[in-house]
Amino acid sequence: MGANTSSCTPLESREVPGSDLGDIPESCIAQVLTRFDAPEICRLARLNHAFRRASAADFIWLTKLPHNYRYIVDKLGDDRIGILRMKDLYARLCRPSPFDGGTKQIWLDKSTGGVCVSISSKALTITGIDDRRYWNHIPTDESRFQTVAYLQQIWWLEVVGELDFQFPAGTYSLFFRLHLGKATKRLGRRVHNPEHIHGWDIKPVKFQLTTSDGQHSVSQCFLVNPGNWAHYRAGNFVIEQPDESTKIKFSMTQIDCTHTKGGLCLDSVLICPNSLGKKLTSS
């Protein structure tokens, strides 16, 4: 693993006189390429014509696609996707694609092929969302959905959502993507407005998730780091039956009515493989 352009240069300099990489049968090259991840395959395809042709073999990219890729294609409802070559299908699914009326997006991680799902704030049940004294939907290019829910002030914070989806086998993490303060642009520069931020240092926010097969997770933390987007982990869950749909229910609450809280942007909920989730929390 880890092949790249610089690592291929020494290989070419050690070639046996009278032979080159183009002499290797494409079928052999294709078998070797299955051992690499998607970005490495694309880099190796630049070596010569034989590697480029071999890298387009369907069976290579079939091993990189998730087990349930046909379910994902059906979920997107685009018949044109289903007739693509496997390499093109992989590339297409690595681009975020909307479903459920544009309130959710799905994509594959380019390196691992892991399935990621993002759920817009507009797909969540938010207490008081219809009362503009408390919440507003504000446009922003800092969200993949181009809008976030902004909380000015409220006593009872409760955000609930659910997703019924067929995930490949593995361990997944669920996060809420939040931002303390309102980010705007002034003269082309990002400006952070902390005007309404209050109440988050008094009591922690509780995050929960449950699954239809009985898994349950609870976490609590104070919201910190104003002016920056942060992913707050609600918990992990394990998929052992990849051919069955799993219903996931999740929530974010701070219902201590002894104080108000405000100045919070709620963008979305992210579900991704745990290996990717670790990178989010360590960055």
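Q: Buried means under 20% relative accessible area, exposed over 50%, and partly exposed in between (1.4 Å probe, protein chains only). Where does D267 lie, and is D267 buried or exposed?

A: D267 is in strand β15. Its relative accessibility is 2%, so D267 counts as buried. This is a predicted model, in which local features need pLDDT of at least 70 and side-chain atom pairs count only at pLDDT 80 or more, while totals for chains, interfaces and linings use all residues. Residues are numbered from 1 along each chain as its sequence is written, and side-chain values use heavy atoms, with hydrogens and water left out.

Q: How many helices and strands are there in the chain?

A: Helices (H or I, at least four residues) and strands (E, at least two) are DSSP runs, numbered from the N terminus. The chain has eight helices and 15 strands. Along the principal axes, its C-alpha atoms fill a box of roughly 80 × 45 × 30 Å. Of the 283 residues in the chain, 46% are buried.

Q: Which side chain makes a polar contact with the side chain of D267?

A: A polar contact is a pair of N or O atoms within 3.5 Å; within protein, one must be able to donate a hydrogen and the other to accept it, and residues adjacent in sequence count only if both atoms are side-chain atoms. For D267, the partner is the side chain of S268, at 3.2 Å.

Q: Which loop holds H259, and what does its side chain contact?

A: H259 belongs to the loop between β14 and β15. With 8% relative accessibility, H259 counts as buried. A polar atom of the H259 side chain lies 3.3 Å from the backbone oxygen of G199. The side chains of H259 and Q254 are joined by a polar contact of 3.3 Å. I255 is also in the loop between β14 (246–254) and β15 (264–273). I255 has a relative accessible area of 41%, so I255 is partly exposed.

Q: How many aromatic pairs does the structure hold, and which pair is tilted?

A: Rings of Phe, Tyr and Trp (its six-membered ring) pair if their centres lie within 6.5 Å; planes under 30 degrees apart count as stacked, over 60 as edge-to-face and the rest as tilted. The structure holds 10 such pairs. One of them joins F167 and Y172: the ring centres are 4.9 Å apart and the planes stand at 50 degrees, so this pair is tilted. F167 and Y172 are both buried. The pair of F176 and F207 is also tilted, because its planes meet at 45 degrees, with the centres 5.5 Å apart. F176 is in strand β8 (residues 170–180) and F207 in strand β11 (residues 205–211), so the pair ties together parts that are 31 residues apart in sequence. Both F176 and F207 are buried.

Q: Which residues do ring pairs link into a cluster?

A: The cluster consists of Y71, F99, F165, F167, Y172 and F237.

Q: Which charged residues lie over a tryptophan ring?

A: A charge sits over a ring if NZ of Lys or CZ of Arg is within 6 Å of the ring centre and within 35 degrees of the ring normal. The charged end of R144 sits over the ring of W107, at 4.1 Å from its centre. R177 lies over the face of W229, with 4.2 Å to the ring centre.

Q: How many salt bridges are there, and what does R190 pair with?

A: A salt bridge is a side-chain nitrogen of Lys or Arg within 4 Å of a carboxyl oxygen of Asp or Glu. The structure holds eight. R190 pairs with E142, and their closest N and O atoms are 2.5 Å apart. R190 is in strand β10 (residues 189–193) and E142 in the loop between β5 (135–139) and β6 (147–151), so the pair ties together parts that are 48 residues apart in sequence. R190 counts as partly exposed, at 39% relative accessibility.

Q: Which salt bridge does K104 make, and is K104 buried or exposed?

A: K104 meets D100 in a salt bridge of 3.1 Å, N to O. K104 is buried, with a relative accessible area of 10%, whereas D100 counts as partly exposed at 43%. Another salt bridge joins R80 to D78, with the closest N and O atoms 3.1 Å apart. R80 counts as exposed, at 63% relative accessibility.

Q: Where is Y134, and how far is its C-alpha atom from that of Q152?

A: Y134 lies in the loop between β4 (125–126) and β5. With 26% relative accessibility, Y134 counts as partly exposed. Y134 and Q152 are 18 residues apart along the chain, and their C-alpha atoms are separated by 5.4 Å.
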